[in-house]
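Let's take a walk through a protein model together. Have a look at the sequence and the 3D view below, and then we will go through them step by step.

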Amino acid sequence: MPETRVLFRHIDDPQLATIEGYRRHDGYKALERAFRELDPSDLLAAFEDSGLRGRGGAGFSMGKKGSFLPRGEMRKYVCCNADESEPGAFKDRELMMKNPHQLIEGVAIASLAVGASHAFIFIRGEYWEVADILDRAVAEAYEANYLGPNVVNSGAKVELVVHRGAGAYICGEETALLDALEGKRGNPRLKPPFPAIEGLYGGPTLINNVETLSNLPHIVNNGANWFKSFGTEQSPGTKVVSVSGCVERPGNYEVELGIPSRELIFDLAGGPAEDRRVKAWFPGGSSSPVLTEAELDLPYTFEDLAEAGSMLGSGSIIVADDTVSVPELALRTARFYHHESCGKCTPCREGTNWTVKMLERITRGEATPMDLEIIASVQENIIGHCLCVLGDSMAMPVGAMVAKFRDEFEAAIEAARRPGAGDFDLSPIDRPLTTGVSAP
Amino acid sequence: MSSEFRQPAHLIAPTDDLTAGERRRLIESMRPSDAEGVPELHEVDIPDELREQIEEMMSRYPQLRSASIPALWAVQRHYGWCSPEGIRQAAAVMGVTPAYLQSVASFYDLFATEPVGRHRVLVCTNISCWMRGGDGLLEAFCEASGADAHEASHHGASSPDGEFFVKGFECLGACDLAPMASIDARYYGPLDDDDAAAALDALRSGAEPLPDKALPKRAAAGGPEPTPDPRLEGTDVA
């Protein structure tokens, strides 16, 4: 199955990032129609009817989320979550860099649908050059009256500010994002109240991912039924999937949801190098429980991956081939979450810290097989016990690695405990490991 | 940091009721001991350019505290790092305590709360880059710059000549470029270990490092446009 490009259509047209180039491909037609002819509640109904599910990780119905905001005149806000920081995810970067107006059009349409007059794009600070492109595009959109106090003379106001973060994975969590946008340290808030009721500056706030919002102009142009003609019943539409790690052609591929995962990894991304096999793969970013070679034929949908005990998440596949040591992979994963934990909730702050220490003990030859039980129980005690899911995001994949690759962990513990084994090599993995910790 | 694109002033609609009065009210709403800590503008010797930048940022948001991260970016651009002096100046403009801005600056990885080398090299060492040689690339940048490799892989390290700051970084969102680095806030990859020395030489001579490996040069991974799906016919919406 080849790619099905909707959001990625004309993606390499060098003019696409300019307003003229975008309009040449009928850009901003949806915005003009929506602001001039359509009723906001019809818009929301169309989004809900389309079945569009959030592309940032949780997969919640976009239209339903929008309908949670109270109606009527009040200060409401739209925030686009462009803080893409999950290891393995890089789709929003390419969408914003090459087609910024598609996002701006989507943000403006979402603002109209929920009645918000202020919108923000919260982009991670590392994407500085992408934010420069967005800023330029926003200025163009203001000039063309697609943003501003009276959008296309419809009487509706939409102000859009591109807000650059400064490096913190936690700000991708929606309430931490709101705190960061309010100028604070990015700590998650207690929910409820959910942002739809009490979000930015205490006002009702719609928060959606870049890719989710980029879909809206297409739904306005072509209708909910057209959108549902792509993908599966529970996962309609196309999805930009980031594939990386041990594959020959890493990159973003836009496919219809429901494509067999094997086709994504092998046919599109080229699979692992010759003579190598897939050992483990994250189907939805580093926070999704890893799957094995036996699970490569799973259809790439929200529902099939959930049924297999994992998740589609942000739609980011990371492939580890048979040269990669799973205990080391677990350690790399855990270190990330340990570094990024904001420290507010004890299970996450301490749990990520101790998980890293215990995984390091395995590599130092100080662990016993009993430590695997402790690692597993620490993961269980993180899940569901914090204000946000950052801790869970470590606990789920690390827990899955210990459960599915237990033999390899035990072999690693034994190998490292052998007299004279020394530390096993934690650095480049393209060299064969000398301690035999990597199962064949 | 690279130059930031500034929205033409006339295009920014003034946001709600942000005035000097708001700043005053904010200070008045603080506990007296906190309000005491807010420096008065005449007490700090802030460069006009920096003050204007921060004020412009404040005007963009319905609430002025939202400008704290942009203000810290402005301070870091001006001084090369978030110096106590710069933070105090920004606090005076914003009407907040320096301690408040310091607490924000210390939360975020990209703000330097101590002086760092002039050019910033962040090398991704997360999962996908690690599997493709990110650790070796970080070492190569350390070797080429003279920055301490152990420090670089933890909190970041500057080269002895003060030209470079090298840091092993968590996922930069460019796993397709693995292994990659962000050099002065621009992305480059995939990089060989040899690219490290070449990039630093280019920076020393004021040239753009590794122009062929810059992110904007990269085409979509799937290659040329596939034959459009029949459902896309007549729905040319970019």
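In what order do the five strands of the open sheet in chain A lie? The order is E6-E5-E9-E7-E8, and the pairing is mixed. Strands, like helices, are DSSP runs numbered from the N terminus (at least two residues of type E for a strand, at least four of type H or I for a helix). Two strands pair if DSSP finds at least two bridges between them. At the edges stand strand E6 (251-256) and strand E8 (291-292) of chain A, each with a single partner strand, so one side of each is left without a neighbour in the sheet.

Before going further, a word on what you are looking at. This is a predicted model, in which local features need pLDDT of at least 70 and side-chain atom pairs count only at pLDDT 80 or more, while totals for chains, interfaces and linings use all residues. Residues are numbered from 1 along each chain as its sequence is written, and chains are lettered from A and ligands numbered from 1 in the order in which they are written.

Now find strand E9 (residues 316-321) of chain A, which is joined to E7(A) by four bridges and runs antiparallel to E7(A). Along this pairing, Ala280(A) stands opposite Ala320(A), and Val278(A) has Asp321(A) as its bridge partner. With strand E5 (residues 238-245) of chain A, E9(A) pairs in the parallel sense, again over four bridges. There, Ser316(A) is the bridge partner of Ser242(A).

How enclosed is E9(A)? Six of its six residues are buried (20 or more other C-beta atoms within 10 Å of the residue's own, with C-beta atoms placed from the backbone; 12 or fewer would be exposed, and in between partly exposed). That is why E9(A) is largely enclosed by the rest of the structure. Ser316(A), Ile318(A) and Ala320(A) point one way, whereas Ile317(A), Val319(A) and Asp321(A) point the other way. In a regular strand, side chains alternate between the two faces of the sheet.

Next comes strand E7 (residues 278-282) of chain A, which pairs with E8(A) in the antiparallel sense over two bridges. Here Trp281(A) stands opposite Leu291(A), and Ala280(A) stands opposite Thr292(A). E7(A) is mostly covered, with five of its five residues buried.

Finally, turn to the partner chain. In chain A, 88 residues are in contact (C-beta atoms, placed from the backbone, within 7 Å) with 60 residues of chain B. Helix H7 (residues 128-143) of chain A gives the most to this side of chain A, with nine residues.

Methods. Two residues are in contact if their C-beta atoms, placed from the backbone, lie within 7 Å.
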